[in-house]
Amino acid sequence: LDDGSIGRTCPPALGYSFAAGTTDGIGDFSFQQGTNTSNPFWNMISSFLSKPSDDQIACHAPKPILINAANVTLPYDWEPNSVPISIFRVGNFFILNVPGEFTTMAGRRLRRKMKDIIVDFGVQDPIITIAGLANSYTHYITTREEYDGQRYEAASTLYGPHTLTAYIQEFERITRHLMQGTPAASQSPPKDLSKKQISLLPPVELDTVGVGKKFGSVAVEAEDQYVAGKDHVFVSFRSANPRNNQRIEGTFLTVDKLGEDGSWKTVYVDGDWCTKFIWKGGIGSFGISFAEVVWEIPKETEQGLYRVCHFGTRKTLIGQSGEAFMRLPDWVISFNSGSVAAAALVQGFRYIFTAAHHLRDEMTNFLGWSRYKDFSGCSKTFLVRI
């Protein structure tokens, strides 16, 4: 530490003010920011997860521990015990990659220390930036003064009052190795839990569009003309779940302008401020869904003929169409059927379905079929005038 004493980080834990939320997002119950004392009732509730030891309580002080994440391992580790950090250099530009959110002052202290080190190695006027939320997430990192205040960010500083000092120490070490061109020692990375994540979001089983309808066809058509800077265009398309294809580096919509040569030129996509993509559907809609496209026509829009188009991907029956049925718990089937015997019969059908699905999967892979089919559709042409 700065005074020459030895400090240490603590096993990960969250404090009471973590549950209080922030000024722009207040939490529930009686939790308040700035809390530095514990409550017997909430201590009892949190002990069902994990009760912190006296050493952990002393290590995190003055933060009263609400959630002792260090010992919670079901269904997997709640928080990492090792975190990834790195530094990139491009000329005199340096990027400090951190797995959390630094407060303004914490970030200034880290950058100032790294600048002093880099300048010592002869780099003039280095530009240093912090890339937060890189490669993992460990909540917030505050200064010691902010930590003592125990507001939301301080209570969310996982590894205790010396968390920032630990980051500065380790970044100083790897920065020196970077400047010297020598390898830096490293511990084992955090566990890869990507395949163990639990999602309460139901899978997309099947997209439907209704009898006699087509995916991408227009349900609510555009009007004949609009005034730039005053009107907005609204078009609804028969669509499919956007989770089928998130269209990374692509778009769910385009606003196209008709050129003098008769060709269409895209002027706006779903990443523009003047457009909105709204999907409506899901459970209870029997797979039927709609994509609503809204274009708030900018004042500077050129007069001319335009259209709005939608792009999507639907999921068909080919493949594991019975997954939702297969995932139903036995008690649900038994309760709804009113008979354990009926549930047993259903379970027998499950085995038959399983065999059929495996066979269908093999056929699908062998024939190169895919359950996902792209579609698109466009509105009629309309006039935008100024």
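Student: Where is P75 found?

Tutor: P75 is found in the loop between β4 and β5 (86-90); helices (H or I, at least four residues) and strands (E, at least two) are DSSP runs, numbered from the N terminus. This is a predicted model, in which local features need pLDDT of at least 70, side-chain atom pairs count only at pLDDT 80 or more, and totals for chains, interfaces and linings use all residues. Residues are numbered from 1 along each chain as its sequence is written, and side-chain values use heavy atoms, with hydrogens and water left out.

Student: Which peptide bond at P75 is cis?

Tutor: Most residues other than glycine have a negative phi, and most peptide bonds are trans. Here the bond from L74 to P75 is cis, with omega near 0°. The bond from A61 to P62 is cis as well, with omega near 10°, and P62 lies in the loop between α3 and β4 (65-67).

Student: What is the phi of F29, and what is that of R247?

Tutor: F29 is not a glycine, yet has a positive phi of about 60°. R247, also not a glycine, has a positive phi of about 50°. The loop between β3 (25-26) and α2 holds F29, while R247 is placed in the loop between β12 (232-239) and β13 (253-258).

Student: Is F29 buried or exposed, and what of R247?

Tutor: Buried means under 20% relative accessible area, exposed over 50%, and partly exposed in between (1.4 Å probe, protein chains only). F29 is exposed because its relative accessible area is 68%, whereas R247 counts as buried because its relative accessibility is 18%. G312, in strand β17 (residues 304-315), is buried because its relative accessibility is 5%. The C-alpha atoms of G312 and G377 are separated by 9.0 Å, although these residues are 65 apart along the chain.

Student: What is the volume of the largest pocket, and which residues lie nearest its centre?

Tutor: On a 1 Å grid over the protein atoms alone, a pocket is an open set of points where a 1.4 Å probe fits, with protein on both sides within 12 Å along at least five of seven lines; lining residues have an atom within 4 Å of a point. The volume of the largest pocket is about 1,300 Å³, counted as the space filled by probe spheres set on the points, which are joined across faces, edges and corners. Its lining has 42 residues, and T165, A166, Y167, Q169 and E170 lie nearest the centre. The elements that give two or more residues to this lining are α4 (104-120), α5 (144-149) and α7 (163-180). The most come from α7, with eleven residues.
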